[in-house]
Amino acid sequence: MSDASVSARPSAAPDVFDLTSRARFNNRELSWLAFNERVLEESENPSNPLLERLRFLSIAASNSDEFTMVRIAGLKGQVAAGVTTPSEDGMTPREQLAAITVKIRELADKQQSLWRELVPLLAKTGISVCGTDELPTHDRDWLRAQFIDQIFPMLTPMAIDPSHPFPFIPNFGFGLILELSRATDARNITALVPIPQQLDRFILLPGSNDRYVAMEDVILLSLDLLFPKFRMDAKGTFRVIRDSEIEIDEEAEDLVRQFESALRERRRGHVVQLRVDKDMPHSLQHYLSQAMQVEDDDVLVLNGLVGLVDIKQLINNTHKHLLFPPYEPRFPERVRDYGGDCFAAIRAKDILVHHPYESFDVVVQFLRQAAADPQVVAIKQTLYRTTQNSPIVAALKEAAENGKSVTALVELKARFDEANNILLARDMERVGVQVVFGFTTLKTHAKLSLVVRREGEQLQSYGHYGTGNYHPITARIYTDLSYFTTDPVLCRDMARLFNYITGYASPDSLEKVAVSPVSLSKKLLDLIDAEIEHAKAGKPAAIWAKMNSIVDPDIIDALYRASQAGVRIDLIIRGICCLRPGIPGLSENITVKSIVGRFLEHARIACFGSGFGLPSPQAKVFISSADWMQRNLHRRVETLVPIENPTVHRQILDRIMIANLNDRANSWYLQPDGGYKRVEAGADAFSAHEYFMTNPSLSGRGKALEQSPPTPDLELKTIAKNFPANE
């Protein structure tokens with residue numbers, strides 16, 4: 001694929017940068033939009049299978065929805081409240097909204113353009129989205145019969161007049177607006193047909209090929225059954241996006257009840273954006289805007305399909321050649337070698353599991369074994385996001401039913417999972433799990449699981465620290481790390497962390513683990529300062545870090561100071577990056593790359609040369625649940641866990657980090673002006689994703705990673721030796 005650029009700034013960069021200039025930061029919102037544009041580029045990438053390109057387009061549309069109902073809604077709230085305080089990069093809320101509005105419209109146009117490009121390509125493979133006017137009579141008759149049996153009973157057509165006021169349209173509400181007339185009495189009406197979200201957006205026609213018809217077209221085909229004797233004079237489709245933020249009284253005595261009430265209010269939040277198709281007459285567009293109290297700037301006119309997120313319904317497994325080749329995660333060799341006994345394997349040596357290349361089933365098995373083991377006396381678990389029928393929750397319930405002491409921290413403030421988490425909490429409470437909801441003012445985002453087992457006369461603790469959620473579905477597409485250990489200090493720290501969460505016991509006595517909001521930020525700043533001192537002393541000084549986002553200004557400024565001191569800094573930041581690399585005198589020693597591909601990079605890793613450079617056995621290596629953002633460092637409970645086991649240390653530093661730094665196939669480099677440039681790479685370019693899919697597990701039996709440096713100025717040590725089996 002030819003190289004492409006994605007811009008994150010609305011204007012050219014100034015000429016002078018220093019640690020007092022606001023221009024040293026990229027704007028957070030524009031940086032996120034640049035990330036979503038990189039996702040969208042994967043839909044354009046011809047090296048991806050066709051249905052995967054369609055999936056990327058749907059993901060980009062979904063991302064845009066969430067950005068609108070969270071970030072744009074938040075900025076609108078600030079403007080409405082008269083807030084003029086600039087962001088770290090110097091833009092007021094109103095200025096950010098203006099810049100975002102331009103970019104949102106550009107991205108929406110690009111999404112629709114890509115949809116129009118993909119439709120004929122799909123048709124060539126036998127997957128088509130048909131208009132009803134191009135269908136033969138027998139297909140139209142079949143659709144009409146389907147409408148009568150399966151759709152008509154679920155629809156509520158609404159004529160709007162003084163006795164029938166404009167109805168409430170919930171968040172993500174989608175439907176038709178119509179102008180109708182009746183010849184018998186010359187009556188004209190405006191009508192709505194809200195389309196319930198329980199109905200599939202596309203209906204599959206019978207036949208050998210995959211032919212689909214959009215739901216709105218099926219409804220229009222049988223409109224005479226909804227409005228008998230009326231003629232349709234004009235029509236349009238629309239979709240509503242509302243503010244989704246939840247406001248909670250932090251002094252609420254019953255947090256669950258507060259959240260249940262707030263969730264009901266979320267669907268009634270004010271309209272942030274109204275999306276309409278370009279063929280909708282201006283009169284109908286104006287009517288909708290007035291009825292929903294939407295400003296003209298908040299109406300997005302789309303030249304194509306309203307609600308592109310729904311195209312994911314066109315993806316199915318009958319066209320395997322149009323999808324990524326199926327990939328089945330490997331079960332960790334170490335646990336297999338111990339006959340599936342997780343406790344025996346962890347006792348032998350700490351274990352690192354690299355998801356999704358290695359199966360999340362090992363985490364489930366760890367808890368299932370704990371639930372069934374009569375020697376296990378206690379289990380403690382954090383749950384931020386998980387599935388509705390979570391095997392993790394099932395294991396916790398089984399453990400409680402078996403008489404074990406089980407404590408589960410369920411985070412009610414996990415955005416968009418609040419309702420599911422309330423149901424899970426009540427389900428666990430019914431069988432005796434001690435459920436707690438953490439802090440009213442902090443989200444508990446740390447990924448912790450602690451099992452206490454009686455072994456002889458002693459109690460032995462087994463800890464699991466993770467970088468991702470206890471979610472078996474996302475664990476198949478997110479790259480994350482699971483670290484199992486019996487290290488007594490790390491297990492004691494975890495026990496103290498649970499006491500902090502459940503009983504407000506101060507975590508000041510933690511021995512190795514840093515935790516936000518108490519000590520994590522300071523720990524990172526101290527580690528960066530230490531590299532600065534190594535550089536000043538003439539020692540090798542380097543920092544490697546991998547995460548989703550970096551926003552915190554204190555951390556960014558510390559990295560700038562480190563660059564100025566000569567510390568070599570290589571960052572792998574998938575999403576938002578407010579740091580600007582490669583600026584002479586400020587950040588010329590910093591590179592930032594983003595990897596966007598088949599899997600979503602999610603693991604958080606931080607490596608510090610510690611006076612020996614990178615990679616080095618003496619380097620300090622950490623895994624974390626936290627991105628380097630203000631919210632993670634100051635408004636959440638997060639962990640930063642040192643990796644001191646030599647094997648796990650090498651696995652993270654010499655394999656995972658080097659593979660990611662060497663990736664060319666999926667990489668974009670952040671430019672000094674805030675834009676991104678894709679690496680020009682051929683079909684044989686090194687891909688970190690492919691490397692880990694095709695090589696055996698990290699725990700052994702794997703051949704060495706052969707280096708292919710991504711840029712001439714980034715010289716990484718070649719790792720030339722194999723990992724011994726079961727090391």
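**Figure 1. Helix α3 in the predicted model.** Helix α3 comprises 32 residues and spans 46 Å from its first C-alpha to its last, close to the 46 Å expected at 1.5 Å a residue. The model shown in this and the following views is predicted. After α3 comes G126, which has a positive phi near 95 degrees.

**Figure 2. Packing of helix α2 against helix α3.** The view shows α2, residues 50–80, beside α3, residues 93–124. Their axes come within 11 Å and cross at roughly 160 degrees. Angles over 145 degrees count as roughly antiparallel, and α2 and α3 are therefore roughly antiparallel to each other. The crossing of these two helices is left-handed. By class, 19 nonpolar, four polar and four charged residues make up the contact of α2 with α3.

**Figure 3. Packing of helix α1 against helix α3.** Helix α1 covers residues 28–44, and its axis and that of α3 come within 11 Å, crossing at roughly 5 degrees. Because angles under 35 degrees count as roughly parallel, α1 and α3 are described as roughly parallel to each other. On the α1 side, the contact involves E29, L30, L33, N36, E37, L40, E41, S43 and E44. These residues meet Q96, A99, I100, K103, I104, L107, K110, Q111, L114 and L118 in α3. The contact of α1 with α3 divides into nine nonpolar, four polar and six charged residues.

Figure 4. Strands β4 (residues 174–182) and β5 (residues 187–195) run antiparallel and are joined by nine bridges. Among the residues of this pair, F174 has I195 in β5 as its bridge partner. The loop between β3 and β4 contains F172. Phi of F172 is positive, near 65 degrees, in a residue other than glycine.

Figure 5. Three strands are arranged in the order β2-β7-β6, with mixed pairing. The edge strands, β2 (127–130) and β6 (202–204), each pair on one side only. From one strand to the next, the twist averages 30 degrees. Strand β2 runs parallel to β7 (residues 210–214), and four bridges join the two. One of the bridge partners in β7 is R211, which is paired with S128. Helix α4 (residues 137–151) packs on this sheet, where it touches β6 and β7. The direction of α4 makes about 120 degrees with that of β6.

Figure 6. S516 and P517 are joined by a cis peptide bond with omega of about 5 degrees. P517 lies in the loop between β19 (514–516) and α15 (520–536). The peptide bond from L614 to P615 is cis, and its omega is near -5 degrees. P615 is located in the loop between β24 (604–608) and β25 (620–624).

Technical notes:
Residues numbered from 1 in each chain as written. Predicted model: local features only at pLDDT ≥ 70, side-chain atom pairs only at ≥ 80, totals over all residues. Heavy atoms only, no water. Axes fitted to C-alpha atoms, helices over the stretch in contact; angles between N-to-C directions. Parallel < 35°, antiparallel > 145°, perpendicular 65-115°, else oblique. Left-handed = near helix turned anticlockwise from the far one by under 90°. Nonpolar A, V, L, I, M, F, W, Y, C, P; charged D, E, K, R; others polar. Expected span 1.5 Å × (residues − 1). Pairing = 2+ DSSP bridges. Contact = heavy atoms within 4.5 Å.
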